[in-house]
Amino acid sequence: TMNFSSDTAAPAHPLILEAMVAAAKGPASSYGGDPWTKAARDALCETFETDLDIWLVSSGTAANALGLSILCPPHGAIACHEEAHIERDERGAPEFFTGGGRLSLLPGAHARIDVAALKRRLAANDPDFVHETPLHVLSLSNLTESGAAYRPFEIKERAGLAHEAGLAVHLDGARLANALVSTGATPAEMTWRAGVNVLSFGATKNGGAGCEAIILFGAARQRLQELKVRAKLAGHMPPKMRFLGAQMSAYLKDGLWLELARRANTSAASLASALTKAGIELAHPVDGNEVFATLPLGAAARLSAAGAAFHPWPDGSHRFVCSWATAPSEIAALAAHLDG
């Protein structure tokens with residue numbers, strides 16, 4: 001196979017599946033009152049070096065939309081990149097879960113929000129003007145939708161501007177593990193120490209069977225009860241949350257999550273090298289497990305005919321995603337077909 005369609009196409013890691021099986025013995029309290037969910041929270045507190053609160057859901061869209069719903073009122077707006085997942089791929093879920101909140105789109109190379117554009121947007125924000133929809137939240141993504149990483153200082157700069165303007169900060173961390181591995185930053189440096197209030201922390205793309213954590217830092221922890229109410233209202237209060245807790249605990253245990261991200265990133269670097277050796281230009285930096293290639297005419301059809309799975313991207317490039325399970329043979333097979 002040559003499956004570079006998405007890291008969500010990858011299987012769940014055996015250790016995570018084993019943890020779910022181990023959690024399937026006997027009765028346990030419902031709705032997060034179980035030992036596995038408590039253990040997951042404890043593990044996340046240790047991982048992020050701070051006290052925090054969590055709510056576990058099964059998809060990144062649910063994590064983003066619910067996390068944003070406690071930060072943005074129905075009459076407010078969320079500033080995000082014009083390529084952000086919450087804009088491009090979530091079918092209006094943030095607007096739906098906030099009860100009417102809007103997205104305010106910003107530009108920037110490689111799907112990183114441009115600082116100058118953010119400053120201009122914040123300067124124009126006037127919460128007292130009744131005819132406009134004022135900003136309440138800044139949402140960043142790491143990795144971005146173009147596979148680029150924000151360094152901690154880049155998040156801190158943007159979050160600082162947002163906080164000065166009275167906004168809360170949300171981070172979409174569906175591929176946070178990949179960003180941490182490539183930058184060498186710690187989880188704390190990349191999140192709450194850089195000014196993040198609410199984090200969507202992904203495991204599904206990196207070995208999970210379907211598990212994301214909405215993490216509340218600092219003052220945002222006061223919103224936990226509201227988050228639970230909104231989760232119930234939206235149908236995201238899993239009765240058997242122990243199986244999500246078991247996934248998250250196994251994901252974090254002994255650094256498994258970072259090791260899996262390291263494997264995916266290494267495969268992406270190898271794939272990028274094979275593409276550039278074939279004379280193919282890359283459209284974005286390879287800061288994680290995604291490679292965006294500007295394929296020559298006919299190459300996409302040729303690779304697809306050979307059995308390779310990948311996706312065209314709105315900017316004209318094609319996206320190839322590696323996962324923890326990507327085999328060197330898949331990359332070698334793709335490389336063999338690049339020359340026709």
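The bridge partner of A77 in β5 is L135. Helices and strands are DSSP runs, helices being H or I of at least four residues and strands E of at least two, numbered from the N terminus. The model is predicted, so that local features need pLDDT of at least 70 and side-chain atom pairs count only at pLDDT 80 or more, whereas totals for chains, interfaces and linings use all residues. Residues are numbered from 1 along each chain as its sequence is written, and side-chain values use heavy atoms, with hydrogens and water left out.

Strands β3 and β5 pair in the parallel sense over three bridges, where pairing requires that DSSP finds at least two bridges between the two strands. With β4, strand β3 also forms a parallel pair, over five bridges, and A79 has S104 of β4 as its bridge partner. Buried denotes a relative accessible area under 20%, exposed over 50%, and partly exposed a value in between (1.4 Å probe, protein chains only). Because five of the five residues of β3 (residues 77–81) are buried, this strand is largely enclosed by the rest of the structure.

## The seven-stranded sheet

These strands belong to an open sheet of seven strands with mixed pairing, in the order β2-β8-β7-β6-β5-β3-β4. At its edges stand β2 (52–57) and β4 (102–106); each has a single partner strand, so one side of each is left without a neighbour in the sheet. From one strand to the next, the twist averages 20°; axes are lines fitted to C-alpha atoms, for helices over the stretch in contact, and angles run from 0 to 180 degrees between N-to-C directions.

Strand β5 (residues 135–141) is paired in the parallel sense with β6 (residues 168–173) over five bridges. Within β6, H170 is the bridge partner of S139. In β7 (residues 198–202) is found G202, a buried residue with a relative accessible area of 4%. Neighbours within four places in sequence left aside, G202 is in contact (heavy atoms within 4.5 Å) with G173, A174, C211, E212 and Y251. Between G202 and R151 the separation is 51 residues in sequence and 18 Å in space, C-alpha to C-alpha.

## Helices α2 and α11

The axes of α2 (residues 35–48) and α11 (residues 242–252) come within 7 Å and cross at roughly 35°. Helix α2 contributes W36, T37, A39, A40, A43, L44 and T47 to the contact, and α11 contributes R242, G245, A246, M248, S249 and L252. By class, the contact has eight nonpolar, four polar and one charged residues; Ala, Val, Leu, Ile, Met, Phe, Trp, Tyr, Cys and Pro count as nonpolar, Asp, Glu, Lys and Arg as charged, and the others, Gly among them, as polar.

Helix α11 is mostly covered, with 10 of its 11 residues buried. Among these buried residues are R242, L244 and Y251. Just after α11, D254 takes a positive phi of about 55°.

## The four-stranded sheet and helix α12

A further open sheet has four strands in the order β9-β10-β13-β12, with antiparallel pairing. Its edge strands, β9 (281–282) and β12 (311–312), each pair on one side only. Helix α12 (residues 256–277) packs on this sheet, touching β9, β10 and β13, and its direction makes about 15° with that of β10. Strands β10 (residues 290–294) and β13 (residues 318–321) form an antiparallel pair over four bridges, with A293 opposite H318 in β13.

Helix α12 has 22 residues and reaches 32 Å from its first C-alpha to its last, close to the expected 32 Å; the expected span is 1.5 Å times one less than the number of residues. The buried residues of α12 include W257, L260, N265, L271 and L275. Just after α12, G279 takes a positive phi of about 85°.

## Backbone features in loops

In the loop between β5 and α7 (152–164) is the place of L143. The peptide bond from N142 to L143 is cis, with omega near 0°.

Y31 lies in the loop between α1 (14–22) and α2. Although Y31 is not a glycine, its phi is positive, at about 55°, and Y31 is partly exposed, with a relative accessible area of 42%. R91, in the loop between α4 (85–88) and α5 (93–98), is likewise a residue other than glycine with a positive phi, near 50°. R91 is exposed, with a relative accessible area of 86%.
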